[in-house]
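Here is a briefing on one chain. It covers salt bridges, disulfides and nonpolar cores, grouped by topic.

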Amino acid sequence: MARTVLSKRSDFSIETHERYPAVQSLSPIGRFMIRSATALLVLLFAAEVRSETVDVKYRGPVDLKAFDCRDTPRSSFIQRVCYDKPKAYMVINLRGTYYHYCEMPYPIFDALMAAPSMGQFYNARIKGSGNDGPYDCRTHRVPAY
């Protein structure tokens, strides 16, 4: 038979003391912290998961849900690179503006990420001049999202 301990505080029920006798030794601050942590966990698990959408120059909004995105703190020119491997499509943030590249093989993306100078690699192997770039979306298939 459970022992009932009456609490002087009205916000701490008798049932709590009966079910969890160790809780009665907690201070009001400790109980508050436990309640706050529980509420935070409930909010985190109940929160709606939203994907990020970016505005890509010459294309418009692109949902990055399907992309592997990586920030690039070691480059002053390239801030972020996002790649969708199944569609061979890359979105790259160059000093705050997103650009896109189509039909880009994964080994090129991988080499960009591993390059000692990402900016030099981008300028030499990815960026084109005009509409003749090796992965320019004006001359390559643009995937639908």
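Arg138 and Asp136 join their side chains in a salt bridge, 2.8 Å from N to O; the term stands for a side-chain nitrogen of Lys or Arg within 4 Å of a carboxyl oxygen of Asp or Glu. The model is predicted: local features need pLDDT of at least 70, side-chain atom pairs count only at pLDDT 80 or more, and totals for chains, interfaces and linings use all residues. Residues are numbered from 1 along each chain as its sequence is written, and side-chain values use heavy atoms, with hydrogens and water left out.

**Salt bridges**

- The count by this rule is five salt bridges.
- Arg138 is exposed at 59% relative accessibility, while Asp136 is buried at 11%. Here buried means under 20% relative accessible area, exposed over 50%, and partly exposed in between, with a 1.4 Å probe and protein chains only.
- Arg141 pairs with Glu103 at 3.8 Å, N to O. Helices (H or I, at least four residues) and strands (E, at least two) are DSSP runs, numbered from the N terminus.
- Both partners are partly exposed: Arg141 has a relative accessible area of 49%, and Glu103 has 35%.
- Arg70 meets Asp68 in another salt bridge, at 3.0 Å from N to O. Arg70 is partly exposed at 27%, and Asp68 is partly exposed at 35%.
- A network of salt bridges links Glu52, Asp71 and Arg80.

**Disulfides**

- Two disulfides are counted, each a pair of cysteine sulfur atoms within 2.5 Å. With bonded cysteines counted along the chain, the pattern is 1-2, 3-4.
- Cys69 and Cys82 are bonded, with sulfur atoms 2.2 Å apart. Cys69 lies in strand E3 (residues 68-71) and Cys82 in strand E4 (residues 78-84), so the bond ties together parts 13 residues apart in sequence.
- The link of Cys69 and Cys82 is right-handed, with 115 degrees about the S-S bond. Cys69 is partly exposed at 25% relative accessibility, whereas Cys82 is buried at 0%.
- Cys102 and Cys137 form a disulfide with sulfur atoms 1.9 Å apart. This pair links distant parts of the chain, 35 residues apart: Cys102 is in the loop between strand E6 (97-101) and helix H3 (106-114), and Cys137 is in the segment after helix H4 (118-126).
- The S-S torsion of Cys102 and Cys137 is about 100 degrees, so this disulfide is right-handed. Cys102 and Cys137 are both buried.

**Nonpolar cores**

- In soluble globular proteins, nonpolar side chains tend to be buried together.
- The largest nonpolar core has 20 residues, and Met90, Leu112 and Ile126 touch the most other members. Such a core is a set of buried Ala, Val, Leu, Ile, Met, Phe, Trp, Tyr and Cys residues joined through side-chain atoms within 4.5 Å.
- Which residues does Ile126 contact, leaving aside its neighbours within four places in sequence? They are Met90, Tyr101, Met104, Ile108, Leu112, Phe121, Pro134 and Tyr135, where contact means heavy atoms within 4.5 Å.
- A second, separate core has 11 residues, including Val56, Tyr89, Val91 and Tyr98.
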